[in-house]
Amino acid sequence: MLMSIIILVAGLGLILGGANFLTDGAADIARRIGVSDLVVGLTVVAFGTSAPELAISIISALDGSAGLAVGNVVGSNLFNTLMIVGVTALVTPIVVRRTILTNDIPLVVLSSLILLIMANAPLLDSASYPVISRVDGLLLLCFFMIFLRYTFAQARSASPEAVAAEPSAAAVAEKQKSLPVWRSVVYVVGGLAALVLGGDWFVDGASSVASSLGVSDAVIGLTIVAAGTSLPELAASVAAALKGRTDMAIGNVIGSNIFNVFLVLGSAATIAPMRLSGIGNFDLLSLAGATLLFWIFGWFFSRRTITRAEGGILVACYIAYSAVLVVNAAG
């Protein structure tokens, strides 16, 4: 037990340090090449922080543990949408661009609805049990390619002058000088490595502690493993928000959610079809509801700003969801 706790704490330290270096390096590279914080968050940072989910889901699919693979993605996306956006908003209110609300967040909602439909396939075609087939996996990968195509088209359409005029970029540029190119690259690569390694250590340590306490595998997959693999997103988003880069923070969450469903599940299902076991409509409807709540908070009430109060509501929703899981598992 003691060694598991040490590994857990060491993993958390790597995650926090890696997130800080990754944010600094990615932001500097973005300024150099004229790419906006939002695009960096949607691609580079989102891919790096989704690497733990990708590795765990593919390994789980190969080992025949489809429930863990899908539970990891569903739980991670719930953690991203409720806890990460909520905690980030508690740190500093998040101003959400109109283009994010009209173009990017709807893709997150779509991804959750697609997963809900796939899980309820037996109700539509009289199948004996729900499964994400190789065909489904390839379709998810096609959605992922469309998302990448749109994101890079968005990057090309943004002029360097518009990027330089972003308030967050201007504020940071006044406070710090650009890093040498080699150091920015080292920060990004080293930060990603620390995030992946730290996430792995954290999951191992947390899973060992949970097993020692007699917690079931289903609860571990949807909570401990999901939260552990999402800690890179949490650390990266909070670090970005503290540096005044709310676009990168929100882009990281949106990109990670899309990566998790379209790339992570798509890759895992293409390698080995996954039968959905232990993941019910309560979990999938909770995910769809969380993404809709995220979207609603962005559009209404506070002029495209997710306030601290709304952030507190999102965090409370995640705590309530986790409590229901624990109660159900105990029953």
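I'll start with one residue. Leaving aside residues up to four places away in sequence, Asn-77 touches Ser-256, Asn-257, Asn-260, Val-261 and Leu-287; contact here means heavy atoms within 4.5 Å.

Before going on, the ground rules. This is a predicted model, where local features need pLDDT of at least 70 and side-chain atom pairs count only at pLDDT 80 or more, while totals for chains, interfaces and linings use all residues. Residues are numbered from 1 along each chain as its sequence is written, and side-chain values use heavy atoms, with hydrogens and water left out.

Now the overall picture. The protein has 13 helices and four strands. Both are DSSP runs numbered from the N terminus: H or I for helices, at least four residues, and E for strands, at least two. Of its 331 residues, 52% count as buried. Buried means under 20% relative accessible area, exposed means over 50%, and partly exposed is in between, using a 1.4 Å probe and protein chains only. Among contacts between residues at least 6 apart in sequence, 86% join residues at least 24 apart.

Back to Asn-77. Is Asn-77 buried or exposed? Asn-77 counts as buried because its relative accessibility is 1%. This residue lies in helix 3, which covers residues 66-91.

Which partners does helix 3 have? Take helix 11 to begin with. The axes of helix 3 and helix 11 come within 10 Å and cross at roughly 170°. Helix 3 is therefore roughly antiparallel to helix 11. On the helix 3 side the contact includes Ser-76, Asn-77 and Asn-80, and on the helix 11 side it includes Ser-256, Asn-257 and Asn-260. An axis is a line fitted to C-alpha atoms, for helices over the stretch in contact, and angles run from 0 to 180 degrees between N-to-C directions. Under 35 degrees counts as roughly parallel, over 145 as roughly antiparallel, 65 to 115 as roughly perpendicular, and the rest as oblique.

Next, helix 12. Helix 3 packs against helix 12 at about 30°, with the axes 10 Å apart. That angle is why the two are called roughly parallel. Their crossing is left-handed: the near helix is turned anticlockwise from the far one by less than a right angle, whereas clockwise would be right-handed.

Helix 12 itself runs over residues 281-299, and its 19 residues reach 27 Å from first C-alpha to last, close to the 27 Å expected. The expected span is 1.5 Å times one less than the number of residues. Buried residues in helix 12 include Leu-284, Leu-287, Thr-291 and Phe-294.

Asp-283 is in helix 12 too. Its relative accessible area is 5%, so Asp-283 is buried. Beyond four places in sequence, Asp-283 touches Val-74, Leu-78, Leu-222, Gly-278, Tyr-321 and Leu-325. How many residues separate Asp-283 and Leu-78 in sequence? They are 205 residues apart, yet 8.9 Å apart in space, C-alpha to C-alpha.

Last, the cysteines. A disulfide is a pair of cysteine sulfur atoms within 2.5 Å, and the count here is zero. Cys-142 is partly exposed at 45% relative accessible area, and Cys-317 is partly exposed at 31%.
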